[in-house]
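Dear colleague,

I am passing on a structure that you have not worked with before, and below it you will find my notes on what was found. Please read them with the model open beside you.

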Amino acid sequence: MTKLIALLLILAMAIQLIKPLGLPSLRRRTDFWKIALIAFGIWALDLLLRDFLM
């Protein structure tokens with residue numbers, strides 16, 4: 001499942017480079033790094049919550 005999520009994130013970044021998604025703060029092609037930054041933040045939050053809840 002995590003490999004699928006990683007693949008989808010890479011695909012979203014590639015689409016952002018080809019044709020911007022048009023979402024707020026993702027309107028330019030050079031904003032593809034923001035997708036990776038958001039994904040890293042969610043991943044870190046997931047790891048922290050997993051430690052505290054289990």
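Helices (H or I, at least four residues) and strands (E, at least two) are here DSSP runs, numbered from the N terminus. This is a predicted model, in which local features need pLDDT of at least 70 and side-chain atom pairs count only at pLDDT 80 or more, while totals for chains, interfaces and linings use all residues. Residues are numbered from 1 along each chain as its sequence is written, and side-chain values use heavy atoms, with hydrogens and water left out.

Overall form

The chain contains two helices and zero strands. Its C-alpha atoms fill a box of roughly 40 × 20 × 15 Å when this is taken along the principal axes. The radius of gyration of the chain is 13 Å, whereas a compact globule of 54 residues would have one near 10 Å; this radius is taken over C-alpha atoms, and the globule rule is 2.2 Å times the number of residues to the power 0.38.

The accessible surface of the chain comes to about 4,800 Å², and 78% of that belongs to carbon and sulfur atoms; such areas come from the Shrake-Rupley method with a 1.4 Å probe, and for residues only the protein chains shown count as cover. Of the 54 residues in the chain, 9% are buried, where buried means under 20% relative accessible area, exposed means over 50%, and partly exposed lies in between (1.4 Å probe, protein chains only).

Ile15 has its place in helix α1, which covers residues 2-18, and it counts as partly exposed because its relative accessibility is 39%. Leu11 is also found in helix α1, and Leu11 is partly exposed as well, with a relative accessible area of 48%. Ile15 and Leu11 belong to a nonpolar patch on the surface, together with Leu4, Leu7, Leu8, Leu21 and Leu23, and the patch has about 650 Å² of accessible area in total. Patches are made of residues with over 30% relative accessible area and no salt bridge, like charges being joined within 9 Å and nonpolar side chains (Val, Leu, Ile, Met, Phe, Trp, Tyr) within 5 Å.

Gln16 and its surroundings

Gln16 is likewise found in helix α1, but Gln16 counts as buried because its relative accessible area is 0%. Leaving aside neighbours within four places in sequence, Gln16 is in contact with Leu21, Leu26, Arg27, Arg28, Arg29, Asp31, Phe32 and Ile35, contact meaning heavy atoms within 4.5 Å. A polar atom of the Gln16 side chain lies 2.6 Å from the backbone oxygen of Arg28.

The loop between the helices

Pro20 is found in the loop between α1 and α2 and is partly exposed, at 24% relative accessibility. Not counting residues up to four places away in sequence, Pro20 touches Ile15, Leu26, Arg27, Arg28 and Arg29. Pro20 and Leu7 are 13 residues apart in sequence, and their C-alpha atoms are 18 Å apart in space. Pro24 has its place in the loop between α1 and α2 too, and Pro24 counts as exposed because its relative accessibility is 63%. The C-alpha atoms of Pro24 and Ala6, which are 18 residues apart along the chain, are separated by 22 Å.

Salt bridges

Side chains of opposite charge can pair when their charged atoms come close. The structure holds three salt bridges, a salt bridge being a side-chain nitrogen of Lys or Arg within 4 Å of a carboxyl oxygen of Asp or Glu.

One of them joins Arg28 to Asp31, with the closest N and O atoms 3.7 Å apart. Arg28 is exposed, at 54% relative accessibility, whereas Asp31 is buried, at 4%. Asp31 also meets Lys34 in a salt bridge, again given as 3.7 Å from N to O, and Lys34 is partly exposed at 21% relative accessibility.

Arg50 forms a salt bridge with Asp46, and here the closest N and O atoms are 2.6 Å apart. Arg50 and Asp46 are separated by about one helical turn because they are four residues apart in helix α2, which covers residues 32-53. Both are partly exposed, Arg50 with a relative accessible area of 43% and Asp46 with one of 33%. Through salt bridges that share partners, Arg28, Asp31 and Lys34 are joined into one network.

With kind regards

Key
Polar contact = N/O pair within 3.5 Å; in protein donor to acceptor, adjacent residues only side chain to side chain.
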